[in-house]
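Dear colleague,

I am passing on the structure below, and after it you will find some notes on what was found.

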Amino acid sequence: MNLLRAIYPERVICVVCGRPSQGEFLCPKCTEELEKLRLEGEKEHASYRYEGVAKKLVHRLKFDNVTAAATVLARAMGLDAVKMHLSPETVVTWVTMPEKRRRIRGIDHGQVLARAVGLRLGLPVKRLLIRSEKHPLRTQRGSSKERRLRNLIGMFTAEENLPKDILLVDDVTTTGATMETCCGALRRAGVRVTHLTATKVD
Ligand SMILES: [Zn+2]
């Protein structure tokens, strides 16, 4: 058991609750709990309610740098349905994290999630959004969508030489203001953007 744990630690215990996981990243109980949070017929391309196991998975990825959580989210995001709408030339990208924050956290968790999604879809992953470092890192919790949209003006610009089709992936949507801003920055360059979020705050 100890040897197995040393070789495959993330497949021995559940990334959410730490209980034995029967060789999976997520134990059967957490898998069942996650399924209950699935959003059905969601027009905004969000997969789960940002609660319980889904929220914990995002936190493991975001604050504990557990990349296996991205694998679990990507696998659970209903990518087969999304893939039907994507051209084979699609490139996967993410909402770039502020450089200062990335240095503190060690990873850009959005990039890790995009990589997990790209791997599952068999599509390349590339940074396509440039984030202005001039904007203050203020927390936006609790502000209205209009206010958030105003705060985000000029925050993101698109890289040059964009691919024609882009899949923009994010971990959490609250008002959708960030996604809207990022999609706008890419679409202004005349490309087709599909967006997909792992979880959505109710
Ligand atoms: Zn579990």
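To begin with Gln22, this residue is exposed, with 12 other C-beta atoms within 10 Å (exposed stands for 12 or fewer such atoms, buried for 20 or more, and partly exposed for the range in between, with C-beta atoms placed from the backbone). Please note that this is a predicted model, in which local features need pLDDT of at least 70 and side-chain atom pairs count only at pLDDT 80 or more, while totals for chains, interfaces and linings use all residues. Residues are numbered from 1 along each chain as its sequence is written.

Gln22 lies in the loop between helix 2 (9-12) and helix 3 (28-36), where helices (H or I, at least four residues) and strands (E, at least two) are DSSP runs numbered from the N terminus. Although Gln22 is not a glycine, its phi is positive, at about 55 degrees. Asn161, also not a glycine, has a positive phi of about 50 degrees; Asn161 sits in the loop between strand 4 (156-158) and strand 5 (165-173) and is exposed, with 7 other C-beta atoms within 10 Å.

Turning to the sheet, four strands form an open sheet in the order 1-6-5-2, with parallel pairing (two strands pair if DSSP finds at least two bridges between them). Strand 1 (46-49) and strand 2 (91-94) stand at the edges with a single partner strand each, so one side of each has no neighbour in the sheet. Strand 2 pairs with strand 5 in the parallel sense over four bridges, and Thr93 has Leu168 in strand 5 as its bridge partner.

Finally, the buried residues of helix 10 (residues 177-187) include Ala177, Met179 and Leu186.
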